[in-house]
Amino acid sequence: MELVKDDLPIARDAGTELSGFESRLPEHDADARELRFARRWLVVIYAMILGMVALGGVTRLTGSGLSMVAWEPTRVLPPLNETEWAEELARYRSSPQGRESNAWMELDDFRRIFAWEYAHRLAGRLLGVVTFVPLLVLTWRRRLPRGKLGAGWALLALGGLQGALGWWMVKSGLVDQPEVDHFRLAAHLALAFFAAHVALFLAIRWGANAAATPNPSRGLRVSTWVALVFVCAQVVWGALVAGKRAGLSAPTFPDFFGRYAPSAVLGDAPRWLEDPLALHYVHRVIALALVANATALVAQTWSTPRLRRSALGVLAALFVQIGVGAWVVLAYVPTGAAVLHQVVGFGVVSHLVAFATRAGVLGRPSSVARTRGEPAM
Ligand code: HEM
């Protein structure tokens, strides 16, 4: 996805063009600088969430996610001496995982899994600071319009919600089963993707030249929305697959043990949301639907080079993602490949969000484009 550096970040607000005279005022320079600063801040948030998604993936895949059994949102330091480590290990041993599946762990093994979960939580807090402090400065300076500041605060609220959701997920693995609930895992991952892409959407939108935002045709609008719905479903299904370790259920590709549909979905009452093979099957079917949909987007934007390039980016990212997905299943879900699959999956969503924003499907088409009666895409 190419983040267009300068889609003319001149407007005081999306949908407002400044006259030539107004745009030369020193006050306007300060406003434009503020907007540039805010866009960079959004891109940093987006990149940090991507980093956290990858770190969260490593945490899960190394079996480290249940090593911290208390929620201490203000805690910054890890255990610092042998006594504190012994206490931390004792707490872990009182949890189902520490008591059952990992009862064999000694302090050194425990330190290793603790390190990943600790890093993930600490990165979350750092992200909170990186979101909050610049937002406070922006609010204090009052150079950004209220709507934009409101969007920034909403983003911060999403971050807070994500922290709470993370703990809600971990809690489900501390009760009786040493596994987190796969629906809660899906909610946690989906919210991370959502928050990151709200940041990306705003960063693109705030830099967009209002007058150049196209007014898409009904057909393009429908196909883009269908793709957005499919991609959301795909992220949720991917997380359900991960939560149920369903990648291990069919180490064959593109078939399922020589058949195109596993018996799990052909019986009388498939358990679509519980059976690992059924989850795995649906995840692959949605991938095919996405490819068909992205092909339609390319065809529909063929005569508009900028959007065609963007749609081709979505399609290319999908093919890479399917290749990585095949690698994940054929190699029995190695950590490196599975994390790469998460990162490329993030890239697929980003390409699509960037496409939808540039095509004028996400966010209202600018009033300028509408009143000028610009040709429908
Ligand atoms: C084409 C679009 C696709 C997208 C956007 C996508 C996205 C995702 C996402 C977001 C996850 C969750 C990762 C996590 O929580 O750790 C996931 C998991 C997974 N996906 Fe996909 N995926 C796609 C296609 C495929 C295909 C075609 C396959 C198989 C051939 C596949 C196999 C898997 C497996 C096995 C997992 C679980 C990995 C684990 O246990 O860590 N994916 N996918």
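Helices, which are DSSP runs of H or I with at least four residues, and strands, which are DSSP runs of E with at least two, are numbered here from the N terminus. Leu 35 lies in one of these elements, helix H2. The structure is a predicted model, in which local features need pLDDT of at least 70 and side-chain atom pairs count only at pLDDT 80 or more, while totals for chains, interfaces and linings use all residues. Residues are numbered from 1 along each chain as its sequence is written.

The chain has twelve helices and zero strands, and read from the N terminus its elements run α-α-α-α-α-α-α-α-α-α-α-α. Burial is counted from C-beta atoms placed from the backbone: a residue is buried if 20 or more other C-beta atoms lie within 10 Å of its own, exposed if 12 or fewer do, and partly exposed in between. Of the 377 residues of the chain, 37% count as buried. Contacts rest on C-beta atoms placed in the same way from the backbone, two residues being in contact if these atoms lie within 7 Å. Among the contacts between residues at least 6 apart in sequence, 78% join residues at least 24 apart.

Leu 35 gives a local example of both ideas. Leu 35 counts as buried because it has 21 C-beta neighbours inside 10 Å.

The nonpolar interior can be described next. A nonpolar core is a set of buried Ala, Val, Leu, Ile, Met, Phe, Trp, Tyr and Cys residues joined through C-beta atoms within 7 Å. The largest such core holds 65 residues, of which Ala 199, Leu 200 and Leu 352 touch the most other members. The elements that give two or more residues to this core are H2, helix H6 (146-172), helix H7 (182-207), H8, H9, H10 and H11, and the largest share, 14 residues, comes from H7. This core draws at least three residues from each of domain 1 (1-211) and domain 2 (213-377), with bounds that come from an automatic or database domain assignment. Leaving aside neighbours within four places in sequence, Ala 199 is in contact with Leu 42, Ile 45, Tyr 46 and Leu 155.

A residue is near a molecule if its C-beta atom, placed from the backbone, lies within 6 Å of it; 29 residues surround the ligand, and the closest are Gly 238, Gly 247, Gly 325, Ala 338 and Gly 345. Two or more residues of this shell come from each of helix H2 (26-61), helix H8 (218-243), helix H9 (276-300), helix H10 (305-330) and helix H11 (335-358), with H10 giving the largest share, seven residues. Domain 1 (1-211) and domain 2 (213-377) each supply at least three residues of the shell.

Within helix H10, Ala 317 is buried, since 21 other C-beta atoms lie within 10 Å. Apart from neighbours within four places in sequence, Ala 317 is in contact with Val 344, Gly 347, Val 348 and His 351. The C-alpha atoms of Ala 317 and Ser 350, which are 33 residues apart along the chain, are separated by 9.8 Å.

Helix H5 (residues 107-141) has 35 residues and reaches 50 Å from its first C-alpha to its last, close to the 51 Å expected at 1.5 Å a residue, the expected span being 1.5 Å times one less than the number of residues. The buried residues of H5 include Trp 116, Glu 117, His 120 and Arg 121. Just after H5, Arg 142 takes a positive phi of about 55 degrees.

Arg 245 lies in the loop between H8 and H9 and has a positive phi near 50 degrees without being a glycine; Arg 245 is partly exposed because 14 other C-beta atoms lie within 10 Å. Phe 257, in the loop between H8 and H9, has a positive phi of about 50 degrees and is not a glycine; with 11 C-beta neighbours inside 10 Å, Phe 257 counts as exposed.
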